[in-house]
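Here is a short report on one structure.

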Amino acid sequence: TGAVTLDGQPLSDAIVSFAPETQAGFHGALGRTDASGKYELTTDTGGGKSSKGAIPGKYKIIVSRMVKPDGTPIPADSTEPPANLAAMESIPLQYSSISETQLTFEVPAAGGTYDIPLTSK
């Protein structure tokens, strides 16, 4: 769990992805921020099941927030692909790209909190 801010303000409607650095065949964990920027991760455990949190290990962190041309975020329950809505990424590449991000976190066995302060510059 944690909170995401952009330039000191809570970031709503963002997808927070924890991509494993070492575990082959494991897709990681993700969560969506609420209006106060808080997120809680969920891990796909296979067979259509999921569990709260992330498996202990080292992760690269990606934060993405797709917005429509008018700047409004794509709703969580949208079934329309972002490309069909002319959506674009609103988070700088240094946070939203797996190849560019420098954000990392090691999830301990006991779990933990990871707040993610982002800047637009």
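## A loop aspartate

The side chains of D70 and T72 make a polar contact at 2.7 Å. A polar contact is a pair of N or O atoms within 3.5 Å; within protein, one must be able to donate a hydrogen and the other to accept it, and residues adjacent in sequence count only if both atoms are side-chain atoms. D70 sits in the loop between β9 (66-67) and β10 (88-89). Strands (E, at least two residues) and helices (H or I, at least four) are DSSP runs, numbered from the N terminus. D70 has a relative accessible area of 61%, so D70 is exposed. Here buried means under 20% relative accessible area, exposed over 50%, and partly exposed in between (1.4 Å probe, protein chains only). From D70 to A83 the separation is 13 residues in sequence and 14 Å in space, C-alpha to C-alpha.

## Basis of the values

This is a predicted model: local features need pLDDT of at least 70, side-chain atom pairs count only at pLDDT 80 or more, and totals for chains, interfaces and linings use all residues. Residues are numbered from 1 along each chain as its sequence is written, and side-chain values use heavy atoms, with hydrogens and water left out.

## The open sheet

Which strands form the open sheet, and in what order? Six strands form it, in the order β7-β6-β4-β3-β8-β11, with antiparallel pairing. Two strands pair if DSSP finds at least two bridges between them. β7 (49-52) and β11 stand at the edges with a single partner strand each, so one side of each has no neighbour in the sheet. On average, neighbouring strands of this sheet are turned by 30 degrees against each other, direction ignored. Such angles are taken between axes, which are lines fitted to C-alpha atoms (for helices over the stretch in contact); angles run from 0 to 180 degrees between N-to-C directions.

β3 is joined to strand β8 (residues 57-64) by six bridges, and the two run antiparallel. V16 stands opposite V63 in β8. S17 stands opposite I62 in β8. β3 also pairs with strand β4 (residues 29-32), antiparallel, over four bridges. There, I15 stands opposite R32. Strand β6 (residues 42-46) pairs with β7 in the antiparallel sense, again over four bridges. G46 has K49 in β7 as its bridge partner. The hairpin of β6 and β7 has two residues between the strands, and G47 takes a positive phi near 65 degrees.

S64 is found in strand β8. Its relative accessibility is 18%, so S64 counts as buried. The S64 side chain makes a polar contact with the side chain of E89, at 2.6 Å. Leaving aside neighbours within four places in sequence, S64 is in contact (heavy atoms within 4.5 Å) with D13, A14, I15, E89 and I91.

## Aromatic pairs

The structure holds five aromatic pairs. Rings of Phe, Tyr and Trp (its six-membered ring) pair if their centres lie within 6.5 Å; planes under 30 degrees apart count as stacked, over 60 as edge-to-face and the rest as tilted. F18 and F105 form an edge-to-face pair, 6.3 Å centre to centre with 75 degrees between the planes. This pair links distant parts of the chain: F18 is in strand β3 (residues 15-20) and F105 in strand β11 (residues 104-107), 87 residues apart. F18 and F105 are both buried.

F18 also pairs edge-to-face with Y114, at 6.3 Å centre to centre and 90 degrees between the planes. F18 lies in β3 and Y114 in the loop between β11 and β12 (116-118), so the pair ties together parts 96 residues apart in sequence. Y114 counts as buried because its relative accessibility is 15%. F18 has 2% relative accessibility, so F18 counts as buried. Ring pairs link F18, Y39, Y59, F105 and Y114 into a cluster.

## The nonpolar core

Which residues touch the most other members of the largest nonpolar core? They are F18, I61, I116 and L118, in a core of 20 residues. A nonpolar core is a set of buried Ala, Val, Leu, Ile, Met, Phe, Trp, Tyr and Cys residues joined through side-chain atoms within 4.5 Å. β3, β8, β11 and β12 each supply at least two residues of this core. β8 gives the most, with three residues.

Not counting residues up to four places away in sequence, F18 touches residues including H27, Y39, L41, Y59, I61, F105, V107 and Y114.
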